[in-house]
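Visitor: I am new to this structure and would like a guided look at some of its helices. Could you show it to me, please?

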Amino acid sequence: MLAAESLVLPGRLHGVSLRLRPGEVTAICGPNGAGKSTLLACLAGLTLPQSGAALLDGALLAAMPPEARARAIGYLPQVAEVAWDVSVQTLAGLGRLPWRTGATEDAAAVDAALTALDLLPLAYRPVTQLSGGERARALLARVLAGTPRWLLADEPLASLDLAHQLALLAHLRACAAAGMGVVLVLHDLALAMNHADRVVVLDHGNLVADGPPDLALSEPVLAQVWGVNARWLGEPGQRALAV
Amino acid sequence: MTRPIPLLLAALALALPLSLLAGRVWIDPTAPLGSEAALILAELRLPRAVLAVLLGAGLGAAGAAMQGYLRNPLADPGLFGIAPSAALGAVLSFWTGWASAGWALPAFALAGAAGAMLLLTLIAGRNGGVVLFTLAGMMIASLAGALMSLAISLSPTPFAMSEIVTWLMGALTDRSWREVWIAAPLTLAGIAVLRAAGRGLDALTLGEAAARSLGLDPRRLQLLLVLGVGLTVGGGVAVAGIIGFVGLMVPHFVRPFTDGRPSRLIVPSALAGALLVLVADCLCRVLPLAGGELRLGIALSLLGAPFFLHLLLRLRRELV
């Protein structure tokens, strides 16, 4: 259980409480500046709230040794930076840094991550020679190689075309099915509606809705938070937004 | 992937004895060793060669670590302001006339380096950000540079001024075992500290936020870097003056032979830096030049500036 208790960061979060369950895909939605990335960084233990706390299985995240926290929570930042021209395999290997295990165990975890994301054929390719979609998968493989119990990703789909978005979502869904807790900051409301188990809506640093996508992203919420008069069309799981 | 470390070690093992033979007096390895030649070897050439190896190793390792830390292939150990501060210390020892007392110059230089390290650590504070830290280093560098110019312009005698200017140009002429004993422990300790920073530098490949999510303590990394660069660069300046461009160039030669991770670059860069400075110093000694010998610092800058330009042009091509 990953939980936030009355997180306060002046100007960014005003008392956000939240309990996340493993095995679920949770989407954090909200307009620009709503505090989505800040909430995610707090849940990852990277940003300290002024008051309130983030808890992992009841333990204060801020009090955990950084490497223990890193083994439990994988974090994929919004900026997909890779400073040096390493191979896909080496990149995924960076996810093993908090583990300090032997080379065999590290190689096995990297192999498993590359296999799960269909990256084995690209294992020796330099990251500069990857397409956008391959690069996003390689960065996700870096997180999965660390075998975290939680995966927190800040807009992992932002720079991808539709086909790659759906492919990456399928991979994330598979992670959740394997028992991982998956938390995504998503801008695309239709993707959140159709692919998340649960949606958390933030506005101006306040939690305004939290629940199944149908309820949390209902038309009144869209009007109140985003200020748009929009309607959901289609069947559950295949919804489209008409503005 | 080739393994650079054994290759570089072999090259060093070959270059070191060869470098001892070259100089104004050439020593014929096949002839029996005269007493004069033995003296040149033991008291002049050997300490100078060892010093070149130490200096190059320190600068190479510091350059590799700095580029890893700043995630920028154009970074150079000089950016932290430690080299100019050490040089300022040395200049003050000339200025006050203490330099004539053997130990004063390196002691002053090391004090300068330590001062810069202390300032950097204080500025680093509880924040662990790379940008603020680097800007602080650059401010320290320009302040030290300005104070150095002030000291030179106010130098008590023209003789002191020429002494300062000559020393600043960096060289390994007429060094003895004493300088080796100063530089060796500092450089080796510095390289060991930089190696310990390797894991953190690897994590930084993914950016600061991802690195912290991997368990990196940015403050600790900063301290390791200040200490490692301070020991290697400070020790180097204390015995040889300012030698530029080695830390910038060497990691680029080595990087293609590694898997790209900064941690894998530090030791090979140390070895390649040692090789570069050893060969460059040897060439300085051999090159016939009216009015003495080409200074090592000048030679490496002559080599380094065009290299830097080449690097910039290549980076620009890659960005387009």
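Guide: Let us begin with a pair of helices: helix 1 of chain B and helix 12 of chain B make a left-handed crossing (left-handed if the near helix is turned anticlockwise from the far one by less than a right angle, right-handed if clockwise). This is a predicted model, in which local features need pLDDT of at least 70, side-chain atom pairs count only at pLDDT 80 or more, and totals for chains, interfaces and linings use all residues. Residues are numbered from 1 along each chain as its sequence is written, chains are lettered from A and ligands numbered from 1 in the order in which they are written, and side-chain values use heavy atoms, with hydrogens and water left out.

Visitor: How are helices picked out here?

Guide: Helices (H or I, at least four residues) and strands (E, at least two) are DSSP runs, numbered from the N terminus.

Visitor: At what angle do helix 1 and helix 12 of chain B pack?

Guide: The angle is about 25 degrees, and the axes are 9 Å apart. Axes are lines fitted to C-alpha atoms, for helices over the stretch in contact, and angles run from 0 to 180 degrees between N-to-C directions. Helix 1 of chain B and helix 12 of chain B are therefore roughly parallel (angles under 35 degrees; over 145 is roughly antiparallel, 65 to 115 roughly perpendicular and the rest oblique).

Visitor: Which residues of the two helices make the contact?

Guide: Among them are B:Leu8, B:Leu12 and B:Ser19 of helix 1 of chain B, and B:Leu271, B:Leu278 and B:Arg285 of helix 12 of chain B. Contact means heavy atoms within 4.5 Å. By class, the contact of helix 1 with helix 12 of chain B has 16 nonpolar, 1 polar and 1 charged residues; Ala, Val, Leu, Ile, Met, Phe, Trp, Tyr, Cys and Pro count as nonpolar, Asp, Glu, Lys and Arg as charged, and the others, Gly among them, as polar.

Visitor: Is B:Ser19 buried or exposed?

Guide: B:Ser19 is buried, with a relative accessible area of 6%. Buried means under 20% relative accessible area, exposed over 50%, and partly exposed in between (1.4 Å probe, protein chains only). Leaving aside residues up to four places away in sequence, B:Ser19 touches B:Arg45, B:Ala49, B:Leu278, B:Cys282 and B:Arg285.

Visitor: And what about B:Val286?

Guide: B:Val286, in helix 12 of chain B, counts as partly exposed at 33% relative accessibility. Residues up to four places away in sequence apart, B:Val286 touches B:Ala22, B:Gly23 and B:Trp26.

Visitor: How does helix 11 of chain B cross helix 12 of chain B?

Guide: The axes of helix 11 (residues 246–254) and helix 12 (residues 266–286) of chain B come within 9 Å and cross at roughly 120 degrees. That makes helix 11 of chain B oblique to helix 12 of chain B. The crossing is right-handed. By class, this contact of helix 11 with helix 12 of chain B has 9 nonpolar, 2 polar and no charged residues.

Visitor: Turning to chain A, how many residues of helix 5 are buried?

Guide: In helix 5 of chain A, 12 of its 14 residues are buried. What covers the buried residues of helix 5 of chain A includes helix 4 (103–116) and helix 6 (162–177) of chain A, together with helix 9 (208–213) of chain B.

Visitor: What comes after helix 5 of chain A?

Guide: Helix 5 of chain A is followed by A:Thr147, whose phi is positive, near 40 degrees.
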